[in-house]
Amino acid sequence: MLLRASSQAAGQEVDLSAAVEDATDGGVEDGVVLTAFAEAVVRATDDLDTARARALETLGPAKFVEAAATVGIFNGLVRVADSTGIPGDPQMLESTADVRGPLGFNRWTGATASGVAEAPA
C-alpha cells in the first residue's frame with residue numbers, strides 16, 4: 001500500500017488493480033514495464049532476461065537500478081514477514097481495508113497472520 005500512500009503524497013492518482021491484473025500501467029510512468037520486470041524477478045520466470053533488458057532500455061541505467069533495488073527490497077521484506085508470521089499492524093490493516101479484498105490480498109499467505117485471511121476463490 002506504499003504505492004497508494006506515495007502517490008497520494010505526490011498528488012498522483014494510480015489504479016492499484018494494475019498490481020494484480022494484466023498489462024495496464026495503473027497510471028504510473030512505465031508501469032507496464034516495471035510490473036513485468038518485478039513479476040519476472042519475484043517469480044523467477046523464463047522471461048527474466050527479456051524483462052530485465054526491456055526495463056533497462058526503457059528506464060535507463062539510473063532508474064533501472066532504483067527499480068531493481070526496490071523489487072529486491074520489497075521481495076525480501078515480504079518473504080521475511082510471511083515466513084516469520086509477522087502480522088500487519090492495525091493502522092495498515094485499517095488503511096488498506098478498502099482495497100485488500102477487491103485486489104485479492106486477503107487470499108495471500110501473509111493475510112493469515114493478520115487475521116484477515118479469506119478462503120481462496
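These are my notebook entries on what I looked up in this structure.

**Entry 1: the model and its outline**

I am working with a predicted model, in which local features need pLDDT of at least 70, side-chain atom pairs count only at pLDDT 80 or more, and totals for chains, interfaces and linings use all residues. Residues are numbered from 1 along each chain as its sequence is written, and side-chain values use heavy atoms, with hydrogens and water left out.

I looked up the secondary structure and found six helices and zero strands in the protein, where helices (H or I, at least four residues) and strands (E, at least two) are DSSP runs numbered from the N terminus. Read along the sequence, the pattern is α-α-α-α-α-α. I then looked up burial: of the 121 residues in the protein, 25% are buried, a word that stands for under 20% relative accessible area, with exposed over 50% and partly exposed in between (1.4 Å probe, protein chains only). For contacts, meaning heavy atoms within 4.5 Å, I noted that among those between residues at least 6 apart in sequence, 40% join residues at least 24 apart.

Asp 30 is partly exposed, with a relative accessible area of 27%.

Helix α2 has 13 residues and reaches 18 Å from its first C-alpha to its last, close to the 18 Å expected at 1.5 Å a residue; the expected span is 1.5 Å times one less than the number of residues. Its buried residues are Gly 31, Val 33, Phe 37 and Ala 40, and they pack against α3.

In the loop between α2 and α3 I looked at Ala 44, which follows α2 with a positive phi near 50 degrees and counts as exposed at 60% relative accessibility. Thr 45 lies in the loop between α2 and α3 and is partly exposed, with a relative accessible area of 28%. Leaving aside residues up to four places away in sequence, Thr 45 touches Glu 39 and Ala 40.

**Entry 2: helix α3**

How far does helix α3 span between its end C-alpha atoms? A straight helix of 37 residues would span 54 Å at 1.5 Å a residue, but α3 (residues 48–84) spans only 28 Å. I then found a bend of about 120 degrees at Gly 60, with a proline, Pro 61, following within four residues; the bend is the angle between axes fitted to the seven residues ending there and the seven starting there.

The buried residues of α3 include Leu 48, Ala 51, Gly 60 and Phe 64, and what covers the buried residues of α3 includes α2 (31–43). After α3 comes Gly 85, whose phi is positive, near 80 degrees.

**Entry 3: how α2 and α3 cross**

The axes of α2 and α3 come within 8 Å and cross at roughly 55 degrees. The two helices are therefore oblique to each other, since angles under 35 degrees count as roughly parallel, over 145 as roughly antiparallel, 65 to 115 as roughly perpendicular and the rest as oblique.

**Entry 4: Ser 114**

Lastly I looked up Ser 114, which lies in helix α6 (residues 111–114) and counts as buried at 19% relative accessibility. Not counting residues up to four places away in sequence, Ser 114 touches Pro 87, Gly 88 and Leu 93.

Terms used: Axes fitted to C-alpha atoms, helices over the stretch in contact; angles between N-to-C directions.
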